[in-house]
Amino acid sequence: GVVVDASGLTVCSLAKLNPLAGGKSISVRGMTLTLKAQIEDLTITLPNGTKVPARVVLTNDELGLAFIAPTTPLAADQKSSITAVELSDAKAKILDEIIILARASKSMDYAPMCTLTRITAVMTKPRLMYYASAMSGSMVFSADGKLLGIAISKKITRAIDASSGKANIGTTLVILPTSEIKALLPKAIEASKKPASAKPAPSKPSPKPAEPAEPSGPAPGEV
């Protein structure tokens, strides 16, 4: 995740935080079961290695985003160890160079990972999204250092199953622009100020453009 407010408020991929967010349906012996999970324990690791208790304050299933905040206000020395990233209105075109930042797994001691790559597709339906080779939850920056967006798992509808007549739902990784995060930030900050016992606030996505343009590059799947 990436810190978006001096209080320690952090935005991250909802699927990375909770793979069963929104429920996941599976078929067992002709029955359809919906699996759900609830986060019981959550911490934020600060740059100096300090772990602070945290909680989910806002989620958006459609956009695949979650905002988490420290359970109690950070101490002065903890605040001084973090820097909130500016949410710019950066945009990209196909083949633009981008920088992808992520963390390795626990087995690799969460070592920072950095990849230099390019945008391979720009999608504008139903909203602006980018495609590039990235890990879920990665932070994506433009070549001049501006936050372009976050890599999230987006649900896609595949072919209809002939036997059941139901659509096959899959996921693909896309880069959600910073503008979507920016639109949710005021509500996330407000939610973070509520008592820790309050339930995470669900949020509606930002309005979709009335007449989106055609994609400027081939998308990996129908989104």
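Me: A salt bridge is a side-chain nitrogen of Lys or Arg within 4 Å of a carboxyl oxygen of Asp or Glu. This is a predicted model. What makes Glu 180 and Arg 127 a salt bridge here?

Reply: The closest N and O atoms of Glu 180 and Arg 127 are 3.1 Å apart. The cut-off is 4 Å, so the pair counts as a salt bridge. Glu 180 sits in helix H3 and Arg 127 in the loop between E10 and E11, so the bridge ties together parts 53 residues apart in sequence.

Me: Why is Glu 180 called buried?

Reply: Its relative accessibility is 7%.

Me: What is the relative accessible area of Arg 127, and is the residue buried or exposed?

Reply: The value for Arg 127 is 3%. That is under 20%, so Arg 127 is buried as well.

Me: What makes Glu 62, Arg 127 and Glu 180 a network?

Reply: Salt bridges link the three residues. Arg 127 pairs with Glu 180. Arg 127 also pairs with Glu 62, N to O, at 3.4 Å. The value is within 4 Å, so this pair passes too. Glu 62 is in the loop between E6 and E7, 65 residues from Arg 127. Side chains of opposite charge can pair when their charged atoms come close.

Me: Why is Glu 62 called partly exposed?

Reply: Glu 62 has a relative accessible area of 35%.

Me: How many salt bridges does a search of the whole structure find?

Reply: Four. One of them joins Lys 93 and Asp 96 at 3.9 Å, N to O. The limit is 4 Å, so this pair qualifies.

Me: Which words describe the cover over Lys 93 and Asp 96?

Reply: Lys 93 reaches 57% relative accessibility. Exposed means over 50%, so Lys 93 is exposed. Asp 96 has 24%, so it is partly exposed.

Me: What makes the phi of Asp 109 worth a remark?

Reply: Asp 109 has a positive phi of about 60°, although it is not a glycine. Most residues other than glycine have a negative phi. Asp 109 lies in the loop between strand E8 (97–103) and strand E9 (112–118). With a relative accessible area of 64%, Asp 109 is exposed.

Me: What about Tyr 110, and where is it found?

Reply: Tyr 110 is in the loop between E8 and E9. Its phi is positive too, about 50°, and it is not a glycine. At 42% relative accessibility, Tyr 110 counts as partly exposed.

Me: Why is the peptide bond from Lys 125 to Pro 126 called cis?

Reply: Its omega is near 0°. Most peptide bonds are trans. Pro 126 lies in the loop between strand E10 (121–123) and strand E11 (129–131).

Me: What makes a set of residues a nonpolar core?

Reply: The residues must be buried and nonpolar, with side-chain atoms joined within 4.5 Å. The largest such core has 25 residues. Val 4, Leu 9, Leu 65 and Phe 67 have the most contacts inside it. Several elements each supply at least two residues, including strand E7 (65–70) and helix H3 (178–192). H3 gives the most, with five.

Me: Which residues does Val 4 touch?

Reply: Leaving out residues up to four places away in sequence, Val 4 touches Leu 9, Val 11, Phe 67, Ala 84, Val 85, Leu 87 and Leu 185. Apart from this core lies another, of 13 residues, among them Ile 119 and Tyr 130.

Me: How do you know that Leu 35 can belong to a surface patch?

Reply: Leu 35 has a relative accessible area of 34%. A patch residue needs over 30%, so Leu 35 passes that test. Leu 35 forms a nonpolar patch with Met 31 and Leu 33. Together they have about 260 Å² of accessible area.

Me: What is the confidence in the model?

Reply: The mean pLDDT of the chain is 82, and 77% of the residues reach 70 or more. Over residues 209–223 pLDDT stays under 50. Where pLDDT is low, the predicted coordinates should not be read in detail.

Key. Residues numbered from 1 in each chain as written. Predicted model: local features only at pLDDT ≥ 70, side-chain atom pairs only at ≥ 80, totals over all residues. Heavy atoms only, no water. Helix = DSSP H or I, 4+ residues; strand = E, 2+ residues; numbered from the N terminus. Buried < 20%, exposed > 50% of the residue type's maximum accessible area, 1.4 Å probe, protein only. pLDDT = per-residue confidence, 0-100. Contact = heavy atoms within 4.5 Å. Patch = residues over 30% accessible without salt bridge, like charges linked within 9 Å, V, L, I, M, F, W, Y side chains within 5 Å. Areas by Shrake-Rupley, 256 points an atom, 1.4 Å probe, with all protein chains shown as cover.
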